[in-house]
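The points are grouped by topic and may be read alongside the sequence.

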Amino acid sequence: MKVDIWSDVRCPFCYIGKRKFEAALEQFEHKDKVEVEWHSYELDPHAETAPEISSYDHLANRYGRSREWAIETHEHVTETAAAVGLDFNFDISVVANSFDAHRLIQLAKSMGLGDEAEEQLFKAHFTDGINISDHQSLIEIGTKIGLDKLSVQTMLNGTDFTDEVRYDENAAQTIGIKGVPFLYLIRNLLYQEHNHRKRF
């Protein structure tokens with residue numbers, strides 16, 4: 001079985017969903033036969049990195065609501081995250097564009113480290129208050145999960161893995177994905193001489 005997951009590391013529900021999915025997978029007797037592939041999806045491709053703006057003010061401005069509403073919304077999300085063992089710190093989270101983070105994930109995927117990249121970027125953004133668009137921070141995250149430092153630097157200084165990010169996003173449009181997390185499950189069925197795929 002293959003599970004394709006479209007996600008944005010700036011999406012709190014994607015991190016929460018990752019934990020819930022992992023917990024469910026642990027209960028599955030054939031978990032060792034499940035292949036998981038992460039795909040890029042930018043909730044706000046035009047988002048500007050703005051470390052000087054609080055996540056509360058950013059959310060309030062985006063939806064035209066009050067700062068008090070934004071704080072209450074974040075508190076609810078924090079409680080939901082805590083229920084699955086995650087520690088969200090919106091007081092220190094950095095408003096950041098996630099495009100280069102997605103390119104890092106694509107590089108990590110090419111080395112079999114996609115899940116590790118997702119996990120560390122989620123943690124960086126929601127727990128540690130790290131700017132996930134800052135290249136030095138991305139280099140540190142990349143090397144932490146086992147990527148070659150020079151390879152990460154080269155990627156960030158150029159356009160490598162841009163096409164892979166755009167491919168995932170175009171695929172999301174083709175499928176009709178309008179929000180994340182989005183899970184797409186495929187079951188492999190073997191019939192005599194042919195392999196067939198069936199969507200759940």
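Thr-80 counts as partly exposed because its relative accessibility is 25%. This residue is placed in helix α3. The model described here is a predicted one, and its mean pLDDT is 92.

**Confidence of the model**

- Of the residues of the protein, 92% reach a pLDDT of 70 or more.
- Over residues 189-200, however, the pLDDT is below 50. Beyond near neighbours in sequence, this stretch has 19 contacts in the model.
- Where pLDDT is low, the predicted coordinates should not be read in detail.

- Helix α3 covers residues 67-82, and its 16 residues should span 22 Å at 1.5 Å a residue. The C-alpha atoms at its ends are 22 Å apart, which agrees with that expectation.
- The buried residues of α3 are Ala-70, His-74, Val-77 and Ala-81. Around the axis they cover an arc of only 60°, so they lie on the same side of α3.
- An α-helix has 3.6 residues a turn, so residues three or four places apart point the same way.
- The buried residues of α3 pack against α1 (12-26) and α2 (55-63).
- On the face of α3 turned away from the buried side are the exposed residues Glu-68, Glu-72, His-76 and Glu-79.
- From Thr-80 to Ser-98 the separation is 18 residues in sequence and 23 Å in space, taken from C-alpha to C-alpha.

**Helix α8 and the residues around it**

- Helix α8 has 14 residues and reaches 20 Å from its first C-alpha to its last, close to the 20 Å expected at 1.5 Å a residue.
- Val-165, Asp-168, Glu-169, Ala-171 and Ala-172 are the buried residues of α8. Seen down the axis, they fall within an arc of 155°, and they therefore line one face of the helix.
- These buried residues of α8 pack against β1, β2 and α4.
- The face of α8 turned away from its buried side carries Asp-163, Tyr-167, Gln-173 and Thr-174, which are exposed.
- Following α8 is Gly-176, with a positive phi near 100°.

**Salt bridges**

- The whole structure contains 15 salt bridges.
- Side chains of opposite charge can pair when their charged atoms come close.
- One of the salt bridges joins Lys-2 and Glu-37, with the closest N and O atoms 2.8 Å apart. This pair links distant parts of the chain, since Lys-2 lies in strand β1 (residues 2-7) and Glu-37 in strand β2 (residues 35-40), 35 residues apart.
- Lys-2 counts as buried because its relative accessibility is 16%, whereas Glu-37, at 22%, counts as partly exposed.
- A network of salt bridges links Lys-2, Asp-4, Glu-37, Lys-109 and Asp-168.
- Asp-57 forms a salt bridge with Arg-67, the closest N and O atoms again being 2.8 Å apart. Here the partners are 10 residues apart, Asp-57 in helix α2 and Arg-67 in helix α3, and the pair links distant parts of the chain.
- Both partners are partly exposed: the relative accessible area of Asp-57 is 27%, and the relative accessibility of Arg-67 is 37%.
- In the salt bridge between Asp-100 and Arg-103, the closest N and O atoms are 3.0 Å apart. Because these residues are three residues apart in helix α4 (residues 99-110), they are separated by about one helical turn. Asp-100 and Arg-103 are both buried.

**Aromatic pairs**

- Tyr-15, Phe-88, Phe-90, Phe-122 and Phe-126 are joined into a cluster by ring pairs.

**Backbone features in loops**

- Val-180 and Pro-181 are joined by a cis peptide bond, with omega at about 5°. Pro-181 belongs to the loop between α8 (162-175) and β3 (182-191).
- Phe-161 has a phi near 70°, which is a positive value in a residue other than glycine. The loop that holds Phe-161 runs between α7 (149-157) and α8.

Methods
Residues are numbered from 1 along each chain as its sequence is written. This is a predicted model: local features need pLDDT of at least 70, side-chain atom pairs count only at pLDDT 80 or more; totals for chains, interfaces and linings use all residues. Side-chain values use heavy atoms; hydrogens and water are left out. Helices (H or I, at least four residues) and strands (E, at least two) are DSSP runs, numbered from the N terminus. The expected span of a helix is 1.5 Å times one less than its number of residues. Buried means under 20% relative accessible area, exposed over 50%, partly exposed in between (1.4 Å probe, protein chains only). The arc is that of the directions from the helix axis to the C-beta atoms. Contact means heavy atoms within 4.5 Å. pLDDT is the predictor's confidence in each residue, from 0 to 100. A salt bridge is a side-chain nitrogen of Lys or Arg within 4 Å of a carboxyl oxygen of Asp or Glu. Rings of Phe, Tyr and Trp (its six-membered ring) pair if their centres lie within 6.5 Å; planes under 30 degrees apart count as stacked, over 60 as edge-to-face and the rest as tilted.
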